[in-house]
Amino acid sequence: MASRAVAIGPALGLSLAIAALILGSAAMVAARADSFALAPADWQALRFTVLQASLSAGLSSLLAIPVARALFRRRFPWRGVLIRLLAAPFVLPVVVAVMGLLTVFGRGGPINTGLEWLGLPEVSIFGLHGVVLANVFFNMPLATRMLLHGWQSIPAERFRLAQSLGLPPSAQFRHLEAPMLRAQLPGIFAVILLICLASFAIALMLGGGPKASTLELAIYQSLRFEFDLGRAAMLSAVQFALCAGITLLAARMTLPQNFGAGLGRSLDTLAPQDWRRGVDALTIAAAALFLFAPLLAVVIKGLPGLLNLPSGLWPAALRSVSVAAVSAILASGVALILATAAARSRSRMIELAAMLPLSASSLVLGTGLFLAVRPFVTPETLALPVTVLVNATLTLPYLFRLLLPEARQLEADYGRLTATLGLPRRSELRFITLPRLARPLGYGAGLAAALSMGDLGVIALFAGDGGATLPLFVQHLIGAYRLQQAAAAALILVALSFALFWAFDRLGSRYADA
């Protein structure tokens, strides 16, 4: 058993490195702050940050309830495809999604055209309602998938018993579904709240003025335009404290459901066939329209622009692909080491270190690293390496959570056997660990690559005029009102993001089947 303990050594070193990066960045920005007294504009940014995040998390969670319930109790063609496509907005580059939302809800879009035809005033997508709309677009599908897993976790025997007792749908909801929602919703709300607190790119593109500025946008403006390092450091410290508090709260908000164990049987649900069937169909159709209409709008608007691509697009695309691929490989390697070590150790330190990046955003980390390297080198020269490091760090929690359950099962099945045989670590990794963790590892690497491909956080802080990645390049085109070219570049960004996701996911599946 000693060899099992020794193998944890690299994981402890990585855990300390992650903690040093996160806490060191926080300490760096806190030490650079001249004062922690917030100006009126800073209080406005803090209030708007909390307001938009709370509204976005609340609406995303509430709207996901009828959608997840309808998907759970209805069977229809392409249902599985639709459920899988719910992951698309989460990995979609933010600038592409905002492009689609601007096309649908912006001036001249179908929504405002219809309002004008009805003689009603137009709506503006900029400001609070635009930021909330974009956040709901990204996070409602995530909440739906999480709630759908919650419904599927209710043992089928409970539903069969309720049906045999003749309980009406309202009673089934009260006794079976409502307890699940009480257990799941607080944690889902906290996770989405944390995501929305760090929605820098959405606020940058849809904020619409000082009254709709978030903390992250204020940090960016302080560094890039005002070069007020003290104010940027103070706001970064406030942002870190806010996110850290929500992270600790999220860890405590998921409650047990206490349904007991089932037999693992599938449920051919006897869903009500009265007016509720029509309501479920309309709910699913409305959700699909809301999620896929902006993507279709980007495709329609961007196809003609493919014949006239702007200069500088392909170098930016090459930078993005390189950053995304290296970030995904780095995050996957670290996540694999930490997950296998956490599965062998009873200590929670490794697990806490792997989840620590949730308490920081890309701009907080970027600000700390900006302040750290500025006395020695020009920050623009380290734009791509810093972006790789920050993206790998921030995607680490997602990969770790994907790998940890499988790693624990692997340790339970083969841990004692490999320790008894004294199997070398390299052989164990090649013949046991990688073949059985290849599927979640490939999926997680693809997810990390797609998220990194669409990142518009730290690169906006570090990059100079000639070092833009593809998301920043698209944002510059939008700022110059070259919307058709921006849509064409956004199409290429989507294609490259999903190509990377597919390539890593396929590689993991092929290795697992080999």
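Student: Leaving aside neighbours within four places in sequence, which residues is Thr393 in contact with?

Tutor: Contact here means heavy atoms within 4.5 Å. With neighbours within four places in sequence left out, the partners of Thr393 are Leu21, Ile22, Pro357 and Leu365.

Student: Before we go on, where do these values come from?

Tutor: This is a predicted model, where local features need pLDDT of at least 70, side-chain atom pairs count only at pLDDT 80 or more, and totals for chains, interfaces and linings use all residues. Residues are numbered from 1 along each chain as its sequence is written, and side-chain values use heavy atoms, leaving out hydrogens and water.

Student: Is Thr393 buried or exposed?

Tutor: Thr393 lies in helix α18 (residues 383-421). Buried means under 20% relative accessible area, exposed over 50%, and partly exposed in between (1.4 Å probe, protein chains only). Thr393 has a relative accessible area of 8%, so Thr393 is buried.

Student: How many of the 12 residues of α6 are buried?

Tutor: Helix α6 covers residues 94-105. Among its buried residues are Val95, Met99 and Phe105. Helix α6 is mostly covered, and its count of buried residues is 9.

Student: At what angle do the axes of α6 and α14 cross?

Tutor: Axes are lines fitted to C-alpha atoms, for helices over the stretch in contact, and angles run from 0 to 180 degrees between N-to-C directions. The axes of α6 and α14 (residues 275-302) come within 8 Å, and they cross at roughly 95 degrees.

Notes:
Helix = DSSP H or I, 4+ residues; strand = E, 2+ residues; numbered from the N terminus.
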